[in-house]
Amino acid sequence: MSSKTAGIGDRFRDLTPSRVKDNLGYVLVGIPVALLVIFFLVPTLYLFATTFFPREVSGYYSFGFTLEHYARLFDSPIYRQYLMTTLELAAVTTVISVVLGYPIAYWIARVDSPAMKRGLLLMIVATMWITVIIRAYAVQVVLAGNGVLNNLLIDLRLISEPLTSSTGYLSTIVGMVYGFLPFAVLTIYTSIANINPKLEEASRNLGASKLQTIRYVVLPLSKNGVAGATALVFILAIGSYVVPMLLGNPSEWTLPVIITEQVNEQMNVPFGAVLSVVLTALTVFFFVLAVKVFGLGSDELVGDTPEGETDG
């Protein structure tokens, strides 16, 4: 017994600060990897396996092998239409969010007052604290037939009948842009804030206008931020569920809405798993595409321009 106790004591004495420090990296990396395997990889593999299970009439599914769910997906035009609607809504939301977010991010990045800059950034972040359900209902209140926007336009005699409605394509786009615009602004802001302002001063001193400076100097140097915002908003928009469900008609429903309907109402878990796998594959595909096309994660540093190059 004493020899065992001595052996344990020797092991603890071997845990010197230097050895603990040497192995600390493995521990810090191993814990997130283990969590990723347990809570992401294993469920994803089981989800993929579920796509091949036959559907049970009296239950969710039974263990077995079938390709009927994949055949149903590719043979039915309605689900291909839902897929195209999902991609279309995500693409339109991404374009509008980036186009609107870039000037906002540039303005905030070039604000002289640090206090005002912090206040503006806090205002952008604060919009993300509002739950998506409240934001969706806020859009409904504004765009409803008897809502704020239509009543204002009618009072100004610009229209004679309501122009928008509480649900539909326009309401869905507005709701999604409202939710994802802050992500685009913050991503682009980070990129623009790292650009040396002296580069813009040099451009203006050489005779370029403000718009020319933005087009030929700021925009190329902030392309990584634009690419990151594009990829982030598009991937988030693909998985949007609440906004299309609350603000969209059935023709504006996205794959996440259909997946929920298949699992909760149709009790067809294997087919819902097929749609989930397709959605996951699309997300991974567009993420890899963004990395390859835009070079996200490259070693290019847009903000480390030596001051000596702008002083001459």
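The model is predicted, so local features need pLDDT of at least 70 and side-chain atom pairs count only at pLDDT 80 or more, while totals for chains, interfaces and linings use all residues. Residues are numbered from 1 along each chain as its sequence is written, and side-chain values use heavy atoms, with hydrogens and water left out.

**Annotated spans**

- The unreviewed UniProt entry annotates "transmembrane region" at residues 24-49, 89-108, 120-149, 169-189, 225-247 and 267-291; such annotations may be inferred rather than shown by experiment.
- Residues 89-108 are 100% helix and 0% strand, with end C-alpha atoms 28 Å apart, helices being DSSP runs of H or I of at least four residues and strands runs of E of at least two.
- Residues 225-247 are 87% helix and 0% strand, and their end C-alpha atoms lie 30 Å apart.

**Nonpolar core**

- The largest nonpolar core has 51 residues, and I108, I188, I192 and L275 have the most contacts inside it; such a core is a set of buried Ala, Val, Leu, Ile, Met, Phe, Trp, Tyr and Cys residues joined through side-chain atoms within 4.5 Å.
- Helix α4 (residues 77-109) gives the most to this core, with eleven residues.
- L255, in helix α13, is buried at a relative accessible area of 2%, where buried means under 20%, exposed over 50% and partly exposed in between, with a 1.4 Å probe and protein chains only.
- Beyond four places in sequence, L255 touches Y82, L83, T86, L275, V278 and L279, contact meaning heavy atoms within 4.5 Å.
- With the same exclusion of neighbours within four places, L275 is in contact with L73, L255, I258, I259 and Q262.

**Charged residues**

- A search of the whole structure finds one salt bridge, defined as a side-chain nitrogen of Lys or Arg within 4 Å of a carboxyl oxygen of Asp or Glu.
- R110 and E200 form a salt bridge, their closest N and O atoms being 2.6 Å apart.
- This pair links distant parts of the chain, 90 residues apart, with R110 in the loop between α4 and α5 (114-129) and E200 in helix α9 (residues 197-205).
- R110 is partly exposed at a relative accessible area of 22%, whereas E200 is buried at 7%.
- E252, in the loop between α12 (242-247) and α13 (255-264), is buried yet has no salt bridge, and the nearest side chain of opposite charge, R80, is 19 Å away.

Technical notes:
Lys and Arg count as positive and Asp and Glu as negative; His and the chain ends are not counted.
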